[in-house]
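Dear colleague,

My notes on it come after the display.

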Amino acid sequence: MTSFRKPRKIVITGGAGFIGSNLVYHWCNKYPGDRIIVLDALTYAGNRQTIAPLEEKGNLKFVQGDICDRSLIDELLETESIDTIAHLAAESHVDRSILGPGAFVQTNVVGTFTLLEAFRQRWQKQNQPADYRFLHVSTDEVYGSLELEDPPFTETTPYTPNSPYSASKAGSDHLARAYYHTYGMPTLITNCSNNYGPYHFPEKLIPLMCINILLGKALPVYGDGQNIRDWLYVKDHCRALDTVIHQGTPGETYNIGGNNEVKNIDLVRLLCKLMDELGDELPVSPSEQLITFVKDRPGHDRRYAIDATKIKTELGWTPQVTVEEGLSQTVKWYLQNRDWWKPLLSPEYQNYYQKVYSERSTPV
Ligand code: NAD
Ligand code: TYD
């Protein structure tokens, strides 16, 4: 028996960024009958080229715009009869939030509030349809930092955000939660661990290490390299977001994680090994020689780990890609897609890189 699924009219905010673009690919392939609007301001982290091949298909429309622009959003929700928002647009990098927190408050808090308000107006005007959904995509960093002996974060772990990035995401999570409790609006929240995979902007740990190995540049490891992150392949995350939109209970929060805790230094060594095996004629080989311990990131959270029992038992989602498989795929992707990442190393990016790494340049 085939079950009927009503096509959705969905806005994916941040759809030109890392996770957003992977979600746009996932959604277009899986639901070709849906109407998909990508709303993205194309900040330094957004790249329209990433999803350009999909724009040729008739069911996807790209709109360049800011999530803080209420009149633009009102018009979009109305003219496209939107029933679903997957909200991923954000300022997403902790190091940038340390250099300049203002943009994080603006986009992550004010922008999320603006979207919630616009969606509330539309949902109420349409007499509160039961199948409308607002998915707010968030991070495990809102839960703060774990000690080695602590159990992983669950959905009831108290919020203790430590960076301007995680504090701004925590603020937006609380707003999304409040819209369900106050207005009954069907919001859902997901808190996910660190993602990796294709289309990841060069500033983040995994792409930065891959690219620096290919360029023969130093591999800056913050502090003692013993910090732990719980890595999830981005395509597994996209499947989880799809599952939550279709099967999640409005008002609920779902933690998403890969059960793959790895110390930063072990991850960097693994990337060096994979690059040495898979890359031809690296400028420096073996690439481990490039590892440089640098001054730590201020307020650096020691460990993140996710308990994803709820989404597994209630919605049946589990990750499918092991960290070994996923990292090997990712290394191959950065080797084969130089045309994607090379243009991103712009003068603006070099300027940012200088700023962060000159502060941390003292090897420890
Ligand atoms: P990203 O930085 O790669 O992409 C963010 C996108 O949002 C970019 O395309 C950018 O142009 C767009 N954007 C930024 N400000 C905007 C604005 N004011 N209006 C419209 N568009 C704007 O981020 P990502 O890594 O893909 O993260 C996506 C979401 O997932 C974020 O909400 C982030 O907090 C969350 N998240 C990320 C991770 C991770 O490991 N990357 C883990 C858990 C949760
Ligand atoms: P990052 O990719 O910035 O993600 P997040 O801070 O959101 O977890 O960093 C992942 C880990 O890698 C984090 O512990 C900081 C560390 N790191 C380095 O050691 N060197 C680097 O150059 C970067 C960017 C990160």
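Predicted model: local features only at pLDDT ≥ 70, side-chain atom pairs only at ≥ 80, totals over all residues.

Residues are numbered from 1 along each chain as its sequence is written, chains are lettered from A and ligands numbered from 1 in the order in which they are written, and side-chain values use heavy atoms, with hydrogens and water left out.

Ligand 1

The shell around ligand 1 holds 28 residues, and the closest are Ile19, Asp40, Ser92, Tyr165 and Lys169. (A residue is counted as near a molecule if one of its heavy atoms lies within 4 Å of it.) By class, this shell has 13 nonpolar, twelve polar and three charged residues. Here Ala, Val, Leu, Ile, Met, Phe, Trp, Tyr, Cys and Pro count as nonpolar, Asp, Glu, Lys and Arg as charged, and the others, Gly among them, as polar.

Helix 1 (18-30), strand 5 (133-139) and helix 6 (164-183) each contribute at least two residues to the shell around ligand 1. Of the elements, strand 5 gives the most, with three residues. (Helices, H or I of at least four residues, and strands, E of at least two, are DSSP runs numbered from the N terminus.)

An oxygen atom of ligand 1 lies 3.0 Å from a backbone N or O atom of Phe18, and a nitrogen atom of ligand 1 is 3.0 Å from a polar backbone atom of Ile67. A backbone N or O atom of Ala90 is 3.5 Å from an oxygen atom of ligand 1. On its own, ligand 1 has 840 Å² of accessible area, of which the protein covers 96%; such areas come from the Shrake-Rupley method with a 1.4 Å probe.

Ligand 2

Around ligand 2 there are 18 residues, with Glu141, Pro220, Arg297, His300 and Tyr357 the closest. Eight of the shell residues are nonpolar, five polar and five charged.

Helix packing

Helix 1, which also supplies residues to the shell around ligand 1, packs against helix 8 (residues 234-247) at an angle of about 65 degrees, with the axes 9 Å apart. Axes are lines fitted to C-alpha atoms over the stretch in contact, and angles run from 0 to 180 degrees between N-to-C directions. The contact comprises eight nonpolar, four polar and four charged residues.

Backbone geometry

The peptide bond from Ser285 to Pro286 is cis, with omega near -5 degrees. Pro286 is in the loop between helix 9 (264-278) and strand 13 (291-294). Ser81 is not a glycine, yet has a positive phi of about 50 degrees; Ser81 lies in the loop between helix 3 (70-79) and strand 4 (84-87).

Yours sincerely

Terms used
Polar contact = N/O pair within 3.5 Å; in protein donor to acceptor, adjacent residues only side chain to side chain.
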